[in-house]
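Here's a quick briefing on the contacts that hold this chain to itself. Have a look at the model first, then we'll go through it.

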Amino acid sequence: MPRFPRAVPPVLAGLLLLTACGSHDSPPGADGGDGRVRAQALCPSDYTQYGATPSPRRPTATASGTPTSLPLPSPAPEENGVRITKMYAWGPGSGCAGVEYSAEFEVANTTDAAATYTVTLAFSSSSGGAAGTADHVVEAVGPGRTGKGAAAMHTTQLGDAEVTGVKVLKVRSVPVAEASSASGPCPKAGVRVYADRGDAAMGLRVVGLHLVNCGTRPYELDGYPRLELQDEEHARVDGVEILRGTQGIGSGIGGQDAPQPLTLQPGEAAATTLAWRNTTQAGTPVNAPYARVWAKPGADPVTVVPELDLGTTGRLGVGPWRRDESYRDPGAGARP
């Protein structure tokens, strides 16, 4: 198993509520090749001159949308193979209102396999508080290569303060050969496997695991997916009991039915439930951001990122596959 860059644990709390005007996942170069996320594409009405007289504490933008370059700390922020190279501010107008802040970065793949990276940046304000976060996916960075990306944050809630700093908050990497996807081209295996964002309440965590038959043939399932948990460096996490069913974790959370054989026709889907508690008592807490998933014996593994903060409980409940009656894949049978 290739070794991937160590991720940064979340360290900021109490982030302000932000108003996003669009996707933060614009590919580098989409704005002319320099890698900037152009807020003009997100909030086009914001690209006018400030109505008020600019001050040193408020960056300005021209009517054409030229950004204000902001200084970076010296040395430039760098963590786990990710180096921030530039930061910009884009001025507000009458539409989305507020200021768009964006930061460009480079991510180095020091492993021996191509990987897709999700980089989360944390912006800080001149008042010393947290301003918000933004993330960006850099697809398929080859081994020994460097990928480029940019993440943008739109805010209307900083008042007289402005964003003056940025740092790398978290890095997640998945081997391209095992990348999960909820959309896009159908993998050669004919199925997509992916995890949703999940839900959390009173220490209980529940994440849905989904499988879509996007191929051209029926796909059979019977029982439970097999999981291998991995830490931030993609090393296997041992000592966690993986339960069949979620009864040992809680009630009323799904994943507690008896397994039944399923045959998914093209365009049909199945789902199951991952459930755990993050209770921390005596011992060392276990965090496993990644899980390699085998949908059934003989299936190719897919790596998902459910962010398993297992505390000291040492248990993860996995439900059986069940048919997802609510899902119909619009691209069924369109496998290249």
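This is a predicted model: local features need pLDDT of at least 70, side-chain atom pairs count only at pLDDT 80 or more; totals for chains, interfaces and linings use all residues.

Residues are numbered from 1 along each chain as its sequence is written, and side-chain values use heavy atoms, with hydrogens and water left out.

**Salt bridges**

- The count comes to eight salt bridges, each being a side-chain nitrogen of Lys or Arg within 4 Å of a carboxyl oxygen of Asp or Glu.
- Lys170 pairs up with Glu307, with 3.7 Å between the closest N and O atoms.
- That pair links distant parts of the chain, 137 residues apart: Lys170 sits in strand E8, and Glu307 in the loop between strand E19 (302–304) and strand E20 (308–311). Strands (E, at least two residues) and helices (H or I, at least four) are DSSP runs, numbered from the N terminus.
- Glu307 is partly exposed too, at a relative accessible area of 28%.
- Arg292 and Glu178 make another salt bridge, with their closest N and O atoms 2.5 Å apart.
- Here the link spans 114 residues, from Glu178 in the loop between E8 and E9 to Arg292 in strand E18 (residues 290–294).
- Both ends are tucked away: Arg292 is buried at 12% relative accessibility, and Glu178 is buried at 11%.
- Glu268 meets Arg323 at 3.1 Å, N to O.
- Glu268 is in the loop between strand E15 (262–264) and strand E16 (269–277) while Arg323 is in strand E22 (residues 322–323), so this pair ties together parts 55 residues apart in sequence.
- Glu268 counts as buried at 19% relative accessibility, whereas Arg323 is partly exposed at 28%.
- Back at Lys170, salt bridges that share partners join Lys170, Arg172 and Glu307 into one network.

**The E6-E5-E8 sheet**

- Three strands make an open sheet in the order E6-E5-E8, with antiparallel pairing; two strands pair if DSSP finds at least two bridges between them.
- Strand E6 (130–141) and E8 are at the edges with a single partner strand each, so one side of each has no neighbour in the sheet.
- From one strand to the next, the twist averages 20°, using axes that are lines fitted to C-alpha atoms (for helices over the stretch in contact), with angles from 0 to 180 degrees between N-to-C directions.
- Strand E5 (residues 115–125) is joined to E8 by 11 bridges.
- Thr120 stands opposite Lys170 in E8.

**The disulfide**

- Searching the whole structure turns up one disulfide, meaning a pair of cysteine sulfur atoms within 2.5 Å.
- The partners are Cys186 and Cys214, at 2.0 Å from S to S.
- Cys186 is in the loop between strand E8 (163–175) and strand E9 (191–195), and Cys214 in the loop between strand E11 (204–213) and strand E12 (219–221), so the link ties together parts 28 residues apart in sequence.
- The Cys186–Cys214 link is right-handed, with 75° about the S-S bond.
- Both of these cysteines are buried.

**Charges over rings**

- Arg226 has its charged end over the ring of Trp294, 3.9 Å from the centre; the rule wants NZ of Lys or CZ of Arg within 6 Å of the ring centre and within 35 degrees of the ring normal.
- Lys296 lies over the face of Tyr219, 4.0 Å from the ring centre.

Methods
Buried means under 20% relative accessible area, exposed over 50%, partly exposed in between (1.4 Å probe, protein chains only).
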